[in-house]
Amino acid sequence: MESKLHGIMAEFDTPSDLVDAARKVRDAGYTKTDAFSPFPLHEIDEALGIKRSILPYLIFCGGITGLLSGIGLQYFVHVFDWPIIVGGRPHFSLPAFIPPAYELTILFSAFVAVFGMLFLNGLPAPYHPVFNVPRFALATREKFFLIIESKDEKYEYAETRSFMESLAPQEVFDVEE
Amino acid sequence: MKDDKELQKKLHPAMLEGDHSFASVTDKISDVTLKKRTPFHWFIGFGLAFMVAQLLLFSVMWLLANGIGVWGNNQPVGWAFDIINFVWWIGIGHAGTLISAILLLLNQKWRTSINRFAEAMTLFAVACAAMFPLLHTGRPWLAAYWLFPYPNTMGIWPNFRSPLIWDVFAVSTYATVSALFWYVGLIPDLATLRDRAKNKYFKFVYAALSWGWRGSARHCHRYEITYLILAGLSTPLVLSVHSIVSFDFSVSQVPGWHATIFPPYFVAGAVFAGFAMVLILCIPLRKWYRMQDFITHQHLIYMAKVMLATGLIVVYGYAMEAFFGWYSASQYEVFMVKNRIWEGPYWWSYWMLIFCNGISIQFLWFKRFRESEFWLFVISVIVSVGMWLERFVIIVTSLHRDFLPSSWAMYSPRVWDWTMFIGTIGFFFTLIYLFVRFVPIISIFEVRTLLPEANVHGHQQDFEENVNEVEYTYDRTDPPND
């Protein structure tokens, strides 16, 4: 029974209760934790000790790639592959090449932002154990949930469960794998 | 103390009316999609729009069968309804991005309840816009290698020094990024629909579309970063798109087009037209679906003010265009100004434009008009017509009498010009109706954050009382909750 559990989940009514409980969970030394709320809560990052994502750096790299491919494409076309003079301008007419390169910078950054976010989040995830808790459907409506996963080093079923109950939640659930 | 509170209320009016909780907000908005029976007026509206959209289908077929000779375009007016409609539609799209991106960066909370359908409006308007440059080629199946740089068997590349190619990059990037932004904003709401849907097919579709979103804090952290950065990317993007559209004109030598004021003046005009369209959609929508709690009177007033401000910038643009013409001391420029305003055969279009865009908005200075839904709707319709006329004036009056009098000619649209334009309006409203039916029209998860109980320890409400209790041990560079 114990080994099959994904973790132990607690339900809270308000975001303040969730954040308070999350702080206690972090202070107790649990790291494989997560919180679920119907809208993004800024305070939870600090309360759970979530480290800042590397996503912005990836997006920056995406933007630089876009810029270089924009300039590179136009250089290849107008200087290397088919040099032809149009309107007396030099082959490499940088000012005219700015708009396409600018747009590609934005396009590539946006792709990295969205697909990088989904990738780092492990989405799409058609199945996840937390959905086994029937009340979890309320996480997208009005309720707040906190979970300690069984793969946490400090996790020990009876102890963790009584710890969760000490956080004054509405209810505590076992989450099956 | 009481005065302070009243002043606060006046300065920051509530963006949410009525007595709501997380659950009631969720239910009220998602029930439109999930539970309520499709209202009868939806079928009437959708049916009408869909019928008009058939006009587009038929016009496109006729155009492809016969070539662009079915249009009224001639020499020297080689660009007419196709580019007028293109610029008109793409301009309308701009308000959606302004609301979703720029107002987010400026921390304007009132964007929250209108951003979803303003963004949808952007997508649909861009879809309508994109049709015109493709179809004006007459053979859109060949346009692929005229427009996109891909290695083809003929070894032909597009000319990157041309504003028309910049346009291709700007518009396709704009369409893509707007779609991504809209979709990212939809993910948490699609998850809500998944959890609330009773019908198992709908549940499956919403589950697939929400990609297994579960509101995890670790996911939200990256999600918020993505959303903010997308807003930061969309802001320069939206400004660049209409600037590049205006380069189609201003980079050329034609008097009336060759003006440095075009980019900012086009961007302001785009936002102006876009807000008019948002109001046209918003005023009936909030009534029909009883969303007055979320789209309050205050929202309409704010939009009216943005419309007035951008409208005045546009009017300044008209004044400057005339001034540039006179100050240039170039006989062609001076002739163009005179011809456009009073000497030419199209003088009426100029004065209709001034009436629609310059005079009608002056009523918005008065509270009586600004606060009346009826007048706001009327003025918005007039502004939409005015912005279409603006493009007509810029394009037709500049081209029909160019440098060489022997090539002067008159332009008048033919029936296929009109059917195609009206058809895109039908197409646009068809998509809007489908959107209203299948997707939550207001961003549910963002509206939840507007509720007082969304604030951890209520430190937004009683900031003064609690300021010492809230621990600020948190020194990362995240934006604050407000």
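## A tour of chains A and B

Start with chain B: helix α3(B) passes α16(B) in a left-handed crossing (the near helix is turned anticlockwise from the far one by less than a right angle). Helices here are DSSP runs of H or I with at least four residues, and strands are runs of E with at least two, numbered from the N terminus.

This is a predicted model, where local features need pLDDT of at least 70, side-chain atom pairs count only at pLDDT 80 or more, and totals for chains, interfaces and linings use all residues. Residues are numbered from 1 along each chain as its sequence is written, and chains are lettered from A in the order in which they are written.

**Stop 1: the helix pair.** Select residues 40-66 and 415-438 of chain B, which are α3 and α16. Their axes, lines fitted to C-alpha atoms over the stretch in contact, come within 6 Å and cross at roughly 140 degrees. Angles run from 0 to 180 degrees between N-to-C directions.

**Stop 2: where the chains touch.** Show both chains. The contact takes 62 residues from chain A and 55 residues from chain B; two residues are in contact if their C-beta atoms, placed from the backbone, lie within 7 Å. Which helix of chain A gives the largest share of the side that touches chain B? It is α4(A), with 16 residues.

**Stop 3: B:Thr122.** Select B:Thr122, in helix α5 (residues 115-135) of chain B. B:Thr122 counts as buried because it has 31 C-beta neighbours inside 10 Å (buried takes 20 or more, exposed 12 or fewer, partly exposed in between). Leaving aside neighbours within four places in sequence, B:Thr122 is in contact with B:Gly93, B:Gly96, B:Thr97 and B:Ser178.
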